[in-house]
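Trainee: Please walk me through the aromatic side chains and their surroundings. I'd like a close look, with every cut-off spelled out.

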Amino acid sequence: MTLRALDSLAAHPSTPRLPALFIGHGSPMNALEDNRFTRHLGALGARLDGELRPRAILVVSAHWLTRGTFVQAGARPETIHDFGGFPPALFEMRYAAPGAPELARETAALAPGATPTEDWGLDHGAWTILHHIFPRADIPVYQLSIDYGRSMQYHYELAARLATLREKGVLVVGSGNVVHNLTESFAAMSRDDSSPAPWAVEFDDWVGSALRARNDDALLRFATHPAARRAVPTPDHYIPLLYALGISKKDESVSFTHEEVYYGGLSMRSVAFGLPD
């Protein structure tokens with residue numbers, strides 16, 4: 001699909017503004033498993049696979065951290081297995097969606113200093129969730145990297161610059177986790193304890209309340225929350241939420257497509273901005 005075709009779709013009155021999503025992606029094993037979370041992804045895909053079916057998907061994943069901002073512009077992005085210690089079946093999986101090279105270059109033009117590149121593919125923050133949302137892998141997918149040295153405000157404002165993509169049939173998906181403390185989660189797993197830690201629930205609930213109230217300033221200053229040091233020991237999995245937040249409008253609906261905290265310190269909270277009832 002060319003940019004000219006996307007532009008014509010954007011101008012057509014029947015092309016709706018697509019929602020913006022944040023998905024708490026959790027373990028790569030979710031790609032193989034049938035559980036509450038993956039069933040929620042399937043149900044979300046069913047809601048989107050109609051008049052809201054995207055022309056392309058842009059993913060901002062917690063697993064593409066860079067110095068500078070890059071946009072994946074390959075025509076056939078590879079499936080990246082950026083993990084270890086999992087069963088062979090997971091490494092054998094492929095998500096063979098086409099890329100969106102022309103749209104990637106337009107996206108880079110919207111983001112000051114961003115560079116198109118073919119040196120990346122689809123990491124597990126992208127393909128493990130898209131495998132359930134759009135299992136046919138027939139929608140073009142590309143990724144935007146996270147410039148990890150930048151402030152929370154920078155990411156929020158960069159997302160706002162990309163807002164016109166939603167009018168062109170692009171589904172923007174942030175993929176991370178609101179609470180992501182693997183040290184504490186692995187300790188819980190070793191005890192076979194799937195219950196959530198109180199501090200994790202406290203922080204996850206606080207984020208949910210701030211999202212409902214559209215208190216964007218509080219979400220940008222999350223580090224001031226008493227539980228933030230344990231809930232967000234590093235911001236890589238939190239930053240994708242700011243892209244979904246920044247690209248949305250404050251008068252849009254906020255809905256939680258999935259809410260769950262387990263294994264001590266892992267939140268699977270997933271959020272949709274502007275998703276019709």
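Mentor: Happy to! A residue is buried under 20% relative accessible area, exposed over 50% and partly exposed in between, using a 1.4 Å probe and protein chains only. This is a predicted model, where local features need pLDDT of at least 70, side-chain atom pairs count only at pLDDT 80 or more, and totals for chains, interfaces and linings use all residues. Residues are numbered from 1 along each chain as its sequence is written, and side-chain values use heavy atoms, leaving out hydrogens and water.

Rings of Phe, Tyr and Trp (its six-membered ring) pair if their centres lie within 6.5 Å; planes under 30 degrees apart are stacked, over 60 edge-to-face, and the rest tilted. That rule gives seven aromatic pairs. One of them is stacked, because the rings of W64 and W120 have centres 5.3 Å apart and planes at 0°. W64 belongs to strand β2 and W120 to the loop between β4 (115-117) and α5 (124-133), so this pair ties together parts 56 residues apart in sequence; helices (H or I, at least four residues) and strands (E, at least two) are DSSP runs, numbered from the N terminus. With a relative accessible area of 5%, W64 is buried.

Y262 and Y263 are edge-to-face, since their ring centres are 5.5 Å apart and their planes at 65°. Y262 is buried at 18% relative accessibility, whereas Y263, at 25%, is partly exposed. Elsewhere, F83, F86, F91 and W127 make up one aromatic cluster.
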